[in-house]
Amino acid sequence: MSEDMFSQVKSSTNIQINKQRLLYVQDITTLLFGLGSGILQLESLQGFAMFFIGFCFINLLYIGILCKFQPVKYYVNPLQEIFMDNFVRELTGYVMSWTFSYAIVG
Amino acid sequence: MSILSKVLFGVGIIQLLHAGFSSYEFHQLLKSSTNINESSNEQKLYQLPNDIKLEVFISLAILTVSIFLSFNKLKYYPINNKNDEIITEGEYLSNIQMSKASNVDNLVGSDPTGYITYLPNMVDIQAKRKEVAEYLKTI
């Protein structure tokens, strides 16, 4: 194995720790954004638009503040891991809290 | 989680609940005072007041700030900590490059392969016995 290949070895423990931190931020913020959109009584596309804007905004903040604009140092494939891997999970959590607060308030 | 983060989180949650309650009251009032058969133009007049909308957005902003403030820079306590020193690399996340990740282990004095290298079969028992005997003599 050449020296260059050794330099590409990744620490699986640190990869898992970073993923857990990202997941915590995304989980809690999407649930709160869902509550907010339910209180605002957003419907159909407006609600989903709020999710997309909020999700992208939070991810960009995460990259800026916690990753210090260098996500490559902390994630193997930053675009996929930050924006795509948890997308469906966060969308379902968002819809759950959105409909919950929508039904209570409305 | 720092105290500032906890305070901001509390303020944000209370503000969000207050906005929710205001929105609930508004919709209850709307239900009791409007006719279902009203035209859509008239119904548009009864949108959620701007102050409630603003309250929701501000509370979401405060909550987001509090969540990001809850992250502290990673700190490590060395195993042989004689001077009560705390090691920090000034980062919020752990570097995934193995060459960088092992830096922390070296600084802290931790052996990541210790669960193998300290197995009884891997340890030089004779040397350890000699070491213990010398230690006991010094007491």
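Trainee: How many salt bridges does the rule find across the interface of chain B and chain A?

Mentor: Keep in mind that this is a predicted model, where local features need pLDDT of at least 70, side-chain atom pairs count only at pLDDT 80 or more, and totals for chains, interfaces and linings use all residues. Residues are numbered from 1 along each chain as its sequence is written, chains are lettered from A and ligands numbered from 1 in the order in which they are written, and side-chain values use heavy atoms, with hydrogens and water left out. The rule asks for a side-chain nitrogen of Lys or Arg within 4 Å of a carboxyl oxygen of Asp or Glu. Between chain B and chain A, the number of such salt bridges is one.

Trainee: Which residue of chain A forms a salt bridge with B:Glu91?

Mentor: Look for the pair whose closest N and O atoms are 3.2 Å apart. The partner of B:Glu91 in that salt bridge is A:Lys73.

Trainee: Which helix gives the largest share of the side of chain B that touches chain A?

Mentor: Helices are DSSP runs (H or I, at least four residues), numbered from the N terminus. On chain B, helix H1 (3-33), helix H3 (50-69) and helix H4 (98-108) each supply at least two residues of the side that touches chain A. The largest share, nine residues, comes from H1(B).

Trainee: What area is buried between chain B and chain A?

Mentor: The contact (heavy atoms within 4.5 Å) takes 37 residues from chain A and 33 residues from chain B. Buried area is the accessible area (1.4 Å probe) that two parts lose on being put together, summed over both. Carbon and sulfur atoms give 72% of an area of about 3100 Å².

Trainee: What is the volume of the largest cavity?

Mentor: On a 1 Å grid over the protein atoms alone, a cavity is a set of points where a 1.4 Å probe fits but cannot get out, and lining residues have an atom within 4 Å of a point. The structure holds one cavity of 30 Å³ or more. Its lining includes A:Phe33, A:Phe51 and A:Tyr94, and the volume is about 40 Å³.

Trainee: Which helix gives the most to the lining of that cavity?

Mentor: Two helices of chain A, H2 (12-39) and H3 (44-65), each supply at least two residues of the lining. With five residues, the one that gives the most is H3(A).

Trainee: Which helix gives the most to the lining of the second largest pocket?

Mentor: A pocket is an open set with protein on both sides within 12 Å along at least five of seven lines. This one is lined by 22 residues, with A:Asn14 and B:Ser102 among those nearest its centre. H2 of chain A and H4 of chain B each supply at least two lining residues. The most, eight residues, comes from H4(B).

Note on methods:
Points joined across faces, edges and corners; volume = space filled by probe spheres on them.
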